[in-house]
Every structure is written in structure tokens, then in C-alpha cells.
Amino acid sequence: MNDKLEKLNQEIEKGEKKLRRLEHEEKILQHRAKQLTRNERTHRLCTRGAALESYLPHPELVTNEQVSMILKLLFHRSENRKIIEQVLAEKPENE
């Protein structure tokens, strides 16, 4: 009886260790996924920011507030919104 109880307790302990190890691995994988998402976002922001700057005359002289105002004005005009919707509705070339 005692041997059976000891074996069961050992199995429980092994199971708990495995569970803790798997929970730790899950946390590591979640951290990696967040890091990849963050890296993708950073790359996207840099790429799109560079594209925006390429259309601004003397971008180093333009303030963040001015860029924000330019974008606000461009995106809120109805004719521009229609053009944006048309462009976004097109199927991307890389698909």
C-alpha cells in the first residue's frame, strides 16, 4: 500500500514538473510572438514614415504637428477618401 502511494505521489510530482516546464515554454513562446509583432510594427512604421517623408519638401524642417495636420486634411477630404478606398480595394501585387 505504501509503495503504491509513493509511486502515485512520484507520478503526481513528475506531472507537476512537466506542467511547470510546459507553462514556462508557453510564456517563452508568447514573448517571442509579441517580439515578432513588435518588430513587424516597427518595420512597418519606419517604411511608411520614410514613404511619407519622401513627399515632403525639406522633411527635417516639418514639425510633427504639421505632418499631422497635412494627413488630417488629406484623409478627410471626400474626394481623397474615395481614391484611398479605391486603392485599398485593389488586390496587392504580391498576392
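**Pockets, a surface patch and salt bridges**

The largest pocket has a volume of about 220 Å³. This is a predicted model, so local features need pLDDT of at least 70 and side-chain atom pairs count only at pLDDT 80 or more, while totals for chains, interfaces and linings use all residues. Residues are numbered from 1 along each chain as its sequence is written, and side-chain values use heavy atoms, with hydrogens and water left out.

A word on how pockets are found: on a 1 Å grid over the protein atoms alone, a pocket is an open set of points with protein on both sides within 12 Å along at least five of seven lines, and a lining residue has an atom within 4 Å of a point. Grid points are joined across faces, edges and corners, and the volume is the space filled by probe spheres set on the points.

Phe75, Ile83, Ile84, Val87 and Leu88 line the largest pocket. Helix H3 (residues 78–89) gives the largest share of that lining, 4 residues; helices here are DSSP runs (H or I, at least four residues), numbered from the N terminus. By class, the lining has 5 nonpolar residues, no polar ones and no charged ones. In this count Ala, Val, Leu, Ile, Met, Phe, Trp, Tyr, Cys and Pro are nonpolar, Asp, Glu, Lys and Arg are charged, and the others, Gly among them, are polar.

The second largest pocket comes in at about 180 Å³. Its lining is made up of Arg48, Ala51, Leu52, Tyr55, Leu71, Leu74 and Phe75. Helices H1 (2–54) and H2 are the elements that give two or more residues to this lining.

Phenylalanine 75 sits in helix H2 (residues 64–76) and, at 46% relative accessibility, counts as partly exposed. On this scale, buried means under 20% relative accessible area, exposed means over 50%, and partly exposed is in between (1.4 Å probe, protein chains only). Together with Ile70 and Leu74, Phe75 also makes a nonpolar surface patch of about 260 Å². Patch residues have over 30% relative accessible area and no salt bridge, with nonpolar side chains (Val, Leu, Ile, Met, Phe, Trp, Tyr) joined within 5 Å and like charges within 9 Å. The areas come from the Shrake-Rupley method with a 1.4 Å probe, and for residues only the protein chains shown count as cover.

Leucine 88 counts as exposed, at 68% relative accessibility. Between leucine 88 and tyrosine 55 there are 20 Å in space, C-alpha to C-alpha, and the two are 33 residues apart in sequence.

Turning to charges, the structure holds 2 salt bridges, each being a side-chain nitrogen of Lys or Arg within 4 Å of a carboxyl oxygen of Asp or Glu. One joins glutamate 13 to lysine 17, with the closest N and O atoms 4.0 Å apart. These two are separated by about one helical turn, because they are 4 residues apart in helix H1. Glutamate 13 is partly exposed at 44%, and lysine 17 is partly exposed at 47%. In the other, the side chains of arginine 77 and glutamate 79 meet at 2.9 Å, N to O. Arginine 77 is partly exposed at 48%, as is glutamate 79 at 38%.

How values were computed: 1 Å grid on protein atoms, 1.4 Å probe; cavity = no way out; pocket = protein on both sides within 12 Å on 5 of 7 lines; lining within 4 Å.
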